Amino acid sequence: MSTIDRSGHPSVAKVAAALAEAGQHAAADGIRILPAEVRTAAQAAEALGVEVGAIANSLVFRSRTGDTETALLALTSGAHRADTALLASLTGADEIGKADAEFVRAHTGQPIGGVAPVGHPKALTTLVDTALSAHEVVWAAAGHPKSVYPTTFDGLVALTGGTPADVAGDGQDGRP
C-alpha cells in the first residue's frame, strides 16, 4: 500500500479534499492506493488484512417515489447484503432498485467498486449501516477501485449526514 499522491486520480483528489474540508484530516491523510483493484468487500478485506465486516461498501441504488427517481447511498458492512425492501421502508420510497454503472457515475462521479461516501456532484440521501459500529476502524472506498481510507462509523455518519440504520435482511446482521 502507498499513500495517495494528491495529483493522482481526480476522483480520489476530490474525496481527499472533501474529507479535509469536513475536518476529517486523519481520514484524508490515510487514503491508500492498493496494488490491485478491490471491487468487492472480500477483496478489500484481504488486501487490508481486516475482517470483511470492517469494509464499508458504498452501494448506490435507484430510489423511486411517485414519478421521482433519485440516488440512495447505503454504506453497508461488507459482511452482509442490504435488503432493498428494508431500504424502501427506511426511506419512504415506493421502490428501491439496482443502479447500473451509468447511473452510479452520473450521481457520484465515481466508478462502481470505488464509490466513496463523499466527493459527489451533490449530496446523496445516505443510510449508514449500524453493523459498522462494531469495528473500531472501518475502511471505505476513496473514489477509485484501488483506493481506500480509514474512518469510523461515527465518522461516516458525520461526514455524510447519513442516518444510522440496520440495513440487512433477516439473518444477515453482519455483526461479529
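Mentor: We begin at Thr76, which is found in strand β4. Helices (H or I, at least four residues) and strands (E, at least two) are DSSP runs, numbered from the N terminus. This is a predicted model: local features need pLDDT of at least 70, side-chain atom pairs count only at pLDDT 80 or more, and totals for chains, interfaces and linings use all residues. Residues are numbered from 1 along each chain as its sequence is written, and side-chain values use heavy atoms, with hydrogens and water left out.

Trainee: Is Thr76 buried or exposed, and what is its relative accessible area?

Mentor: Buried means under 20% relative accessible area, exposed over 50%, partly exposed in between (1.4 Å probe, protein chains only). Thr76 is buried, and its value is 0%.

Trainee: Which residues does Thr76 touch, not counting residues up to four places away in sequence?

Mentor: Contact means heavy atoms within 4.5 Å. By that rule the partners of Thr76 include Ile55, Ala56, Asn57 and Leu59. Also among them are Ala82, Asp129, Leu132 and Val167.

Trainee: How many residues are in the largest nonpolar core?

Mentor: A nonpolar core is a set of buried Ala, Val, Leu, Ile, Met, Phe, Trp, Tyr and Cys residues joined through side-chain atoms within 4.5 Å. Leu19, Ile31, Val60, Val128, Leu132, Tyr149 and Leu156 touch the most other members of the largest one, and its residues number 29.

Trainee: How many residues form the second, separate core?

Mentor: Phe61, Ala74, Ala82 and Ile96 are among its members. The count for this second core is eleven.

Trainee: Which strands do the buried residues of α5 pack against?

Mentor: The buried residues of α5 are Phe103, Val104 and Thr108. Seen down the axis of α5, they fall within an arc of 105 degrees, so they line one face of the helix; the arc is that of the directions from the helix axis to the C-beta atoms. On the other side of α5, Glu102 and Ala106 are exposed. The strands that the buried residues pack against are β3 and β4.

Trainee: What is the distance in space between Gly53 and Ser133, C-alpha to C-alpha?

Mentor: Gly53 lies in the loop between α3 (41-48) and β3. Gly53 is buried, at 5% relative accessible area. Gly53 and Ser133 are 80 residues apart in sequence, and in space the distance is 9.9 Å.

Trainee: How many salt bridges are there?

Mentor: Side chains of opposite charge can pair when their charged atoms come close. A salt bridge is a side-chain nitrogen of Lys or Arg within 4 Å of a carboxyl oxygen of Asp or Glu. The count by this rule is five.

Trainee: How far apart are N and O in the salt bridge of Arg64 and Glu95?

Mentor: Arg64 is partly exposed, at 32% relative accessible area. Arg64 also forms a salt bridge with Asp94, at 3.9 Å between the closest N and O atoms. For Arg64 and Glu95, N to O is 3.0 Å.

Trainee: Which residues does Arg62 join in one salt-bridge network?

Mentor: Arg62 forms a salt bridge with Glu69, with the closest N and O atoms 2.8 Å apart. Arg62 is partly exposed at 24% relative accessible area, and Glu69 is partly exposed at 41%. Through shared partners, salt bridges join Arg62 into one network with Glu69 and Asp100.
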